[in-house]
Amino acid sequence: MAATQQTIAAVQETEKYKYGWQTEIESDLAPKGLSEDIVRFISAKKEDPEWMLEWRLKAYKMWLTQADQEPSWAKLDFPKIDYQDAYYYAAPKLGDAPESLDEVDPKLRETYDKLGIPLLEQEMLAGVAVDAVFDSVSVATTYKKKLNEMGVIFCSISEAIKEHPDLVKKYMGTVVPYSDNFFATLNSAVFTDGSFVYIPKGLRCPMELSTYFRINEKNTGQFERTLIIADEGSHVSYLEGCTAPQRDENQLHAAVVELIALDDAEIKYSTVQNWYPGDENGKGGIYNFVTKRAACRGKNSKVTWTQVETGSAITWKYPSCILQGDNSVGEFYSVAITNNHQQADTGTKMIHLGKNTRSKIIAKGISAGQSNSTYRGLVRIQPKADGARNFTQCDSLLIGNKCGAHTVPYIESRNPTALTEHEATTSKISDDQMFYCQQRGMNPEEAVSLIVNGFCKEVLQTLPMEFAVEAQKLVGISLEGSVG
Amino acid sequence: MALIEISNLHVSVEGKEILKGIDLFINAGEVHAIMGPNGSGKSTLSYVLSGREGYEVTQGSISLSGEDLLAMEPDARARAGIFLAFQYPLEIPGVATSTFLKTALNAKRRAQGLDEIDAMEFLNLVKGKMKELEISTDMIKRPLNVGFSGGEKKRAEVLQMSLLEPQFAILDETDSGLDIDALKVVSDGVNALRGPERSFLVITHYQRLLNYIVPDFVHVLVGGRIVESGGKELAEMLEAEGYARFENTKAA
Ligand SMILES: Nc1ncnc2c1ncn2[C@@H]1O[C@H](COP(=O)(O)OP(=O)(O)OP(=O)(O)O)[C@@H](O)[C@H]1O
Ligand SMILES: [Mg+2]
């Protein structure tokens, strides 16, 4: 307790230095480890209202009762995580919150520039609004004003908790309750930031909303929480990009994303995940345990998940759709690339509750090096889901012969009028294709990148244009060294 | 020094000797034709030149402008100017023909120290070439060779060749599968590339092609050996007589 208070005091002291960051940005850290004090510390730092603190504490208490029970059903192999050996709060020391982009720390701006994130107003033409999260604190939100005028709320979750408590209370935890699973429970207790989006009735959001998350601080876990609500008849496309610098330690990332689509609303959520995957010997890299779920609550609503997963040492992620509204549609498009010693266990769940609900799953897994990639998917059709339809296609591509690809589809149909279709293929890049490309002057890495991009095309083309280009490059980069 | 010098080339595939001592010099600007019965080793020669895996050179050498070609990786050979129009072109699912062409062209440009080609410039260039080869421009949006007819695949090979402007092009039965009109169009495309710096090795079963692409030399390959060489009249003779009179040589 004393240590915590000292830290708080130290933090308050350093926060007075408005321009104390000409060189390296220092971090504002909570002490290592997880305890009720830490949860309270985080809550205080976030200036949570009382109800939020209570929610966190409930989650924390629940997590304590299961602290030994990480889910173990996934095909993943990693040493036990010591949850007391991580920091749960890290904020760049910024002084007061920036009012406009001009006030944002130039060092941060530089980092974002390197990542190619269009933060500057002049790039508004690109039609991208970015809510940038540096470690745990949202440092800049662009175009907020413009979006505000249209009734769109696009801000950090912390701000939403303060400014729009009714919306947050009404929806947060309704798709992923704090008791949902081990990592979601942990997140609920200690989440530090993330995005909040509300699209008002009938509005087609005129720009892509985008968040770049970046873990910068050594030994910090990042626990962001995102909540997107598309009100009746509205439409939004949201892109989440992730990248993390190289560290030898494994870092934990346990995010929660909740999407809610009301009647006739549509949400398109795209992720390009490029967290540090560890080195070629499997040292370091992000442990990515993420709970993403969408509720297609209204009739005729639609949610599309697109993910391009190239990074992380371990990926544990199943963006899902609960198809409650009649005629609602859930789609999942996924590319998961593993190289060297990476492991990915990823897929989706489509839960059909309403009548004539439809779902489509296109999953492409590419394994190289000594990596392992598993597609794990569940299609469940409940008794009332008359006329439900699912189409699932899982394709695996192997590069070399030390890697593995696995497909674990579960189909549970409790309605005789439902139709499900499942197709799966496994193939290798053929020597003949490689030779053909090389005969045209491409080096082996270019050839692999081209062939793999072709293999993933159906998924990549669902990404917004500007990100599709980035994703194509990533595909090539992440497979570097996979061919000799 | 000839552009391509093949000396006493012996090649085995899976332990079986297919080429049994080939000597062939090709000067810049020359067109050489190779004819020979099925299984005589024509495609094998084209693969050894282009560096496909699985073809073991047990004796002999190949040089390109005096450099040891066999020491180069297949992609380096391609960038050095060797092009193979495949007898059986490969399908690359999901990769638009235009993407493939652009990637190939940029690989070459990079090797030459040039910048990547501008998108508009590229489109104009390709469309121009497609028009010459009477290829419908829809084709560049389709995945390379996927669902292409036999003739379309062959035309796509020639399209790639005219775009990449290689120094030495090997055409392995590019005429088979082409209808009579296409044969003419494709031959015109090849002839348009002929010049004092560029050489061709044209593998074919049919003398007819050589009426359009008139060769400087014709070689007869039987049983992994060149059993006779001559001018274009040799092809006419083969067309009339077949390979019967070489059967003895083959057995030897
Ligand atoms: N991978 C292989 N394994 C075993 N034998 C092979 C292999 N590749 C080629 N051969 C053999 O080598 C010989 C020469 O084949 P090649 O394809 O060079 O003939 P070709 O002259 O091009 O014939 P065609 O006119 O039918 O195209 C054939 O007997 C063929 O079966
Ligand atoms: Mg052949």
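Ligand 1 has 15 residues around it (a heavy atom within 4 Å counts as near), and the closest are Gly39(B), Lys42(B), Ser43(B), Thr44(B) and His205(B). This is a predicted model, where local features need pLDDT of at least 70, side-chain atom pairs count only at pLDDT 80 or more, and totals for chains, interfaces and linings use all residues. Residues are numbered from 1 along each chain as its sequence is written, chains are lettered from A and ligands numbered from 1 in the order in which they are written, and side-chain values use heavy atoms without hydrogens and water.

| Residue | Part of residue | Distance to an oxygen atom of ligand 1 |
|---|---|---|
| Asn38(B) | side chain | 3.0 Å |
| Gly41(B) | backbone | 3.0 Å |
| Glu173(B) | side chain | 3.3 Å |

On its own, ligand 1 has 640 Å² of accessible area, and the protein covers 66% of that (Shrake-Rupley method, 1.4 Å probe). Helix 1 of chain B gives the largest share of the shell, three residues (helices are DSSP runs of H or I with at least four residues, strands runs of E with at least two, numbered from the N terminus).

Now to the rings. Over all chains there are 17 aromatic pairs (Phe, Tyr or Trp rings, the latter by its six-membered ring, with centres within 6.5 Å; planes under 30 degrees apart are stacked, over 60 edge-to-face, the rest tilted). Phe154(A) and Tyr238(A) form an edge-to-face pair, because their planes stand at 85°, with the ring centres 6.4 Å apart. Phe154(A) belongs to strand 5 and Tyr238(A) to strand 9 of chain A, 84 residues apart.

Terms used: A polar contact is a pair of N or O atoms within 3.5 Å; within protein, one must be able to donate a hydrogen and the other to accept it, and residues adjacent in sequence count only if both atoms are side-chain atoms.
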